[in-house]
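Reader: I'm new to this one. Can you walk me through it?
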Amino acid sequence: MLTRTIIRIPALTRGLATHAGPNAALPAVLHLKTGQSFTGRSFGAPKSVFGETVFSTSITSYTESMTDPSYRGQILVFTTPLIGNYGVPLNQTPIDSQDVGVVLESSGIQCTAVVVADVAEKFSHHSAVESLASWCRRSNIPAITGVDTRAITRLLRDQGTTLGRLAVGADASAPAPEAHQYWDPTEENLVDQTSTKAPYDLNPTGDVKIAVLDFGAKANILRSLVRRNAAVTVLPWNYDFNAVRDQFDGLFLSNGPGDPGHCMEAALKLRKTLQEWNKPVFGICMGHQIIGMAAGLEAYRMTFGNRGHNQPVLALASAGSIKAGRVYVTSQNHQYALKLSDPFPEGWEPFFINCNDSSVEGIKSTPESGKKVWGVQFHPESAGGPLDTIEMFTDFVTECRAHRLQLPLKTTTATMADRIEPVFRDVAPQRVAVAA
Ligand SMILES: NC(=O)CC[C@H](N)C(=O)O
C-alpha cells in the first residue's frame, strides 16, 4: 500500500507580520504627483512624508546610500528586489586620528523614505546589530515594501524624477494629494541644511593640509583623505576660503544634495580662488558641478539622473592614475550635470564622458593652464560601489604634497601590489566592540 508522505516546508518568512515588528500590518501607499499610486505595507516609521522620488540600481550598500547626505529630501526606490538581508551595522568607530567616527556615510539616515519590493526581515552579517526595519523605525524614516519597483522605475525613467508622497497608516486610505500639495525639496537650499555649521579638523598631524568645502560630504570622502595622511579642515559650504587659502596645500569640494543653482555664491568665490591660487583643487559630484559653474559651464537637470554602482565612464584625458581611452566603472548619485559646451571655456577640457548617456562625467584644467584642477561627477570614493578610480585621491594628495614641498611630480610607477593595499584599506570593515 502506498503511503503519502507529507513534507512540511517551513513557512516563508517574507512579509510575515510576526517578523517585521509592530508596524508590519500598517498599510502604506506611494503616490506620485503624476497620478499613479502603489499600495504596499509599511516597515518603517508610522508617519507620512513628501519627497522627490528617485531610483537607484545599486545591488548592495543600502546602508551607505541611505546615509549619503546627497539623498536628502528624496524617496529612494531600490531596483534590487530584496533589500535588508545583511542588516545594519553599529554606525560608530573608535575615535582615532585616522578615522571620522562613523562606519556609514554620515551619522544617520538622510533620505526621506525608502521603497523596496521585498524587505528582508531576517538578516545575517558579522557586523549587523539590527534589521533595516528596526533602523528605519528608530530613525523615524517611513518605508514601504510589497510594491512593484519595476513598474515604479519604468515610470521614473519615462517621465523623469517625480515628486511623491509616502502615506502610512490612516493616511494610506486618504485620497492622493492635489498636485499643488507636493513638496519640492529642490526649491530649498538643502546644502545649507546639511553642511557643517562651523569648521573642524580631522587628523591634524597629517603632513599635507587640505581644506574641504562641505556641501554635504560623504564620510568616505573624508576617510579617503585622512587615510592618505592629509590633515583635513572641513569648512561650511559658503565659507570664505579665499581669506584662509594661504594656510592650505589643496582644496577639495564635496558632494551635496539638491540643485547646484543654490550654491552660486560658492561658485563665485571659487572663481576668484581659481583665478588667483595655483594649488590643486578636486571636486566630486556637487563639488564638480560647482567647479564647472566657476569655470563658466552651465549645470542642468537630467531626466532621471544616474544613481547606481555600475555607471561606465570613458576617460578622455590622462592625469595621475587615470589613462585616456580607458573605461572605468563608477558609483553615482546625481540628478544634475554640467552641459557640454563647444568650445569648452578657455583653460578647461572634458575629462570623462558617460558611456550610456554621453553626459559630462569630469572636467579638468588644461596642461597649458598651469593649474591642477579636476572635477568628477562620479564618486571615486565609492561607498558603496567599485573602486576603479579610488587612486584619484592618492593623485590629489600627492599633487598637494608635491606642491607644498615644491617637488617636481614624478609619474606613478606603482606596482599592482602597491595599488591593491591602499584600495583594501579603504574597504576593510571597521571592527567595533558590540555589546552582547
Ligand atoms: N551626489 C551629489 O553630490 C549630487 C549633486 C547634486 N545634488 C545632483 O543631484 O546632481
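What follows is a short chat about a barrel, a helix and a glycine.

Author: This is a predicted model: local features need pLDDT of at least 70, side-chain atom pairs count only at pLDDT 80 or more, and totals for chains, interfaces and linings use all residues. Residues are numbered from 1 along each chain as its sequence is written.

Reader: Which strands form the closed barrel?

Author: Seven strands do, in the order β1-β2-β10-β7-β4-β3-β11, with mixed pairing. Neighbouring strands there are turned by 35° against each other on average, direction ignored. Strands are DSSP runs of E, at least two residues; helices are runs of H or I, at least four, and both are numbered from the N terminus. Two strands pair if DSSP finds at least two bridges between them.

Reader: How many bridges join β1 to β11?

Author: Five, and the two strands run antiparallel. V29 stands opposite A167 in β11.

Reader: New topic. Is α6 buried or exposed?

Author: Eight of the eight residues of α6 (219-226) are buried, so this helix is largely enclosed by the rest of the structure. Buried means 20 or more other C-beta atoms within 10 Å of a residue's own, with C-beta atoms placed from the backbone. R223 is one of them.

Reader: And where is G385?

Author: G385 sits in the loop between β21 (373-376) and α9 (391-405).

Reader: Why does G385 count as buried?

Author: Because G385 has 26 C-beta neighbours inside 10 Å.

Reader: What is G385 in contact with?

Author: Leaving aside neighbours within four places in sequence, G385 contacts S58, S61, H309, T330, S331 and H379. Contact means C-beta atoms, placed from the backbone, within 7 Å.

Technical notes:
Buried ≥ 20, exposed ≤ 12 C-beta atoms within 10 Å, placed from the backbone. Contact = placed C-beta atoms within 7 Å. Axes fitted to C-alpha atoms, helices over the stretch in contact; angles between N-to-C directions.
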